[in-house]
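Dear colleague,

Please find below the structure that I am handing over to you. My notes on what was found in it follow directly after.

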Amino acid sequence: MLAFWLPSRLTQKLQALAMVLLLALVLTGKAWVPAESSSSGSGAPGRDVGSGAAHFESLCAGCHGSDGLAVEGEAPPLAGSSWVAGPETRLIRIVMHGVRGPIQVADKIHDREMPGFGARLSDEEMASLLSFVRSRWGGPSAPITRETVRRVRAEAGKRTRYWTVEELLATP
Ligand code: HEC
């Protein structure tokens, strides 16, 4: 097309440029794919808030509500909870092994039980899930890392009992 009226050397240069651009597009296109798909596996620790949101929806929203305001009678809210805003190790322990009441959330005492999810979530998944919970419901914005989850899991050993509030407050 351009070849009809452009000097041929310029046409060659344009063609070369087009080839380079095309090559770059193909290469970067290829590079994107594995980077995206590895995000739930070995990607940056705890930063995959997208999969955290999906896990929250499937594992937690049934009791705590998609909006974090809790399903009446099932669980306390996450929105405005000092357990969400507080130390990350406590939040991890609660979700890893479960918790039994009485537990105070905002201005109400709850006295039920929540099962743990440690056996169902990898360190990476737990980190993403809890990073999502904190970013969504008023916790510190720094993501919870896979390494922190791994450490808390290792410290608890083979624990299967739910935590009580006294134990949570006594464990740093
Ligand atoms: C079967 C219902 C149920 C499910 C599912 C559930 N929870 Fe809970 N959760 C509870 C109950 C009930 C309590 C309070 C326990 C008590 O009364 O001692 C609680 C307490 C908590 C607390 C501390 C109190 C608060 O409201 O901040 C956090 C944090 C929490 N849950 C997070 C989660 C996360 C994250 C998930 C998903 C991985 C989850 N829960 C799944 C029922 C549930």
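**Overview of the model**

Of the 172 residues in the protein chain, 26% are buried; here a residue is buried if 20 or more other C-beta atoms lie within 10 Å of its own, exposed if 12 or fewer, and partly exposed in between, with C-beta atoms placed from the backbone. This is a predicted model, in which local features need pLDDT of at least 70 and side-chain atom pairs count only at pLDDT 80 or more, while totals for chains, interfaces and linings use all residues. Residues are numbered from 1 along each chain as its sequence is written.

The pLDDT, which is the predictor's confidence in each residue from 0 to 100, has a mean of 84 for the protein chain, and 74% of the residues reach 70 or more. Residues 29–44 have a pLDDT below 50, and this stretch has 5 contacts in the model beyond near neighbours in sequence. Two residues are in contact if their C-beta atoms, placed from the backbone, lie within 7 Å. Among the contacts in the protein chain with a separation of 6 or more, 61% are between residues 24 or more positions apart.

The protein chain has 7 helices and 5 strands. Helices (H or I, at least four residues) and strands (E, at least two) are DSSP runs, numbered from the N terminus. Read from the N terminus on, the order of elements is α-α-α-α-β-β-β-β-α-α-β-α.

Met-126 is in contact with Ile-92, Val-95, Met-96, Leu-121 and Val-149, leaving aside its neighbours within four places in sequence.

Helix α4 is mostly covered, with 9 of its 10 residues buried. Its buried residues include Ile-92 and Val-95, and also Glu-88, Arg-90, Arg-93 and His-97. The buried residues of α4 pack against α3, β1, α5, α6, β5 and α7 (165–170). Just after this helix, Gly-98 takes a positive phi of about 95°.

Ala-54 lies in helix α2 and counts as partly exposed because it has 16 C-beta neighbours inside 10 Å. Ala-54 and Leu-129 are 75 residues apart in sequence, yet 8.2 Å apart in space, C-alpha to C-alpha.

**The sheet**

An open sheet is formed by 3 strands in the order β4-β1-β5, with mixed pairing; two strands pair if DSSP finds at least two bridges between them. The edge strands, β4 (113–115) and β5 (163–164), each pair on one side only. Strand β1 (residues 98–100) is joined to β5 by 2 bridges, and these strands run parallel. Opposite Arg-100 stands Thr-164 in β5.

**The ligand shell**

The ligand is surrounded by 28 residues, the closest being Cys-60, Cys-63, Ser-81, Gly-101 and Met-114; a residue is near a molecule or strand if its C-beta atom, placed from the backbone, lies within 6 Å of it. At least two residues of the shell come from each of α2, α3 (82–85), α4, β1, β2 (103–105) and β4. The largest share, 5 residues, comes from α2. By class, the shell has 18 nonpolar, 5 polar and 5 charged residues, where Ala, Val, Leu, Ile, Met, Phe, Trp, Tyr, Cys and Pro count as nonpolar, Asp, Glu, Lys and Arg as charged, and the others, Gly among them, as polar.

**Backbone points in the loops**

The peptide bond from Gly-101 to Pro-102 is cis, with omega near 0°, and Pro-102 lies in the loop between β1 and β2.

Ala-70, in the loop between α2 and α3, has a positive phi of about 80° although it is not a glycine. Ala-70 counts as partly exposed because it has 18 C-beta neighbours inside 10 Å. Ala-106, in the loop between β2 and β3 (108–110), has a positive phi of about 55° and is not a glycine either. Ala-106 is exposed, because 11 other C-beta atoms lie within 10 Å.

Yours sincerely
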